[in-house]
Amino acid sequence: MAFETIIGNEIVKKLLNSTIQKNNILHSYLFVGPDGIGKSIFAKEFAQMILCENEITKPCHQCKSCLEMESNNHPDFLQINSDDGKSIKIEQVRFLQEKIAEKPVSSNRKVYVIYDSDLMTREAANSLLKTLEEPPAYATLILITSNESKLLTTIKSRCIKVNFQVIEQEQILQYLRKNNLDAGVTQNMLEMCEGSIGKALKLQERKDDYAEIEELIHKISNTDITEIWNHAEVLYKAKENVMELLDYMNLLFYKQLCQKQQTAIVKAIYSVEEAKKRILANANYDMSIDHLLLEIWEELA
Ligand SMILES: [Zn+2]
């Protein structure tokens with residue numbers, strides 16, 4: 001059984017497994033769903049299954065093709081990424097088209113994955129259309145996106161859509177436990193992950209920062225403002241990546257609001273959102289944090 005090491009998305013696993021078992025591999029797939037839920041891992045494993053030479057167990061992890069895949073060295077597997085994180089250019093699609101025209105070398109099929117396919121420029125997407133309309137018999141393309149609405153309808157209509165779902169909090173927790181990463185990760189922190197393992201791993205690295213935010217919020221209603229400023233080092237030193245911490249603050253406030261509907265909490269949430277805007281607009285960072293803490297303190301103390 002394939003996809004054993006991947007958590008969540010059981011329906012997708014069934015679908016892709018049966019595609020392989022029935023040897024009903026199509027020419028173009030579109031993997032759709034939020035970031036960090038395993039679309040890329042699924043795409044690579046699916047590619048390995050398509051290319052595997054074993055007749056019964058795919059992927060077998062033993063044939064030449066599987067070994068080439070696992071050492072990131074398969075001549076019939078190509079991945080296209082945005083070079084600059086902003087766009088996928090027509091030159092990259094032309095390169096793919098040159099390569100796809102050549103017969104497979106190692107396996108009897110070829111697989112191409114385009115990550116963040118919504119970043120294709122219009123020219124790149126229009127160029128890819130030709131390949132999607134008349135793909136070589138041996139080729140499969142997997143387009144991945146977390147922004148389906150940005151893809152051309154003509155591209156979407158030529159792909160089989162595979163929908164990925166966010167992962168349950170309990171499954172994320174199990175994953176962290178299995179990898180000994182769960183210590184200090186609270187229920188509130190799990191809620192921040194929004195069903196994404198990728199986010200959970202990032203959050204785990206900063207769990208001490210999140211814990212400090214939690215402590216700060218607990219303190220704010222019964223401590224002097226100078227004390228609050230002195231104990232908010234976590235915010236002052238997080239200039240480059242403060243947004244997640246501010247989002248976390250608001251998650252905590254939202255949870256308080258669910259328990260007691262107070263206008264003061266609504267105002268605190270609003271203050272955090274305003275602070276985010278000021279910081280994004282390049283206002284003085286330390287002053288923005290000073291101001292934010294003072295506002296929240298005035299509301300809640
Ligand atoms: Zn194999």
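I take a disulfide to be a pair of cysteine sulfur atoms within 2.5 Å. On that cut-off I find zero disulfides here. I checked Cys193: its sulfur is 18 Å from the closest cysteine sulfur, in Cys258, so that is too far for a bond.

Housekeeping. This is a predicted model, where local features need pLDDT of at least 70 and side-chain atom pairs count only at pLDDT 80 or more, while totals for chains, interfaces and linings use all residues. Residues are numbered from 1 along each chain as its sequence is written, and side-chain values use heavy atoms, with hydrogens and water left out.

Burial next (buried is under 20% relative accessible area, exposed over 50%, partly exposed in between, with a 1.4 Å probe and protein chains only). Cys193 is buried at a relative accessible area of 1%. Cys63 is buried too, at 12%, and so are Cys60 and Cys66.

Then I went to the zinc ion. Its protein donors (N, O and S atoms within 2.8 Å of the metal, or 3.2 Å for Na, K and Ca; water is not among the atoms, so sites may look incomplete) are the SG atoms of Cys52, Cys60, Cys63 and Cys66, lying 2.3 Å from the zinc ion. Which arrangement do the four donor atoms make around the zinc ion? I get tetrahedral, because their angles run from 104 to 116 degrees (for four donors, the label needs all angles between 85 and 135 degrees). For reference, the ideal angle for four tetrahedral donors is 109.5 degrees.

Definitions and conventions. Tetrahedral: all angles 85-135°; square planar, octahedral: opposite > 155°, others 65-115°.
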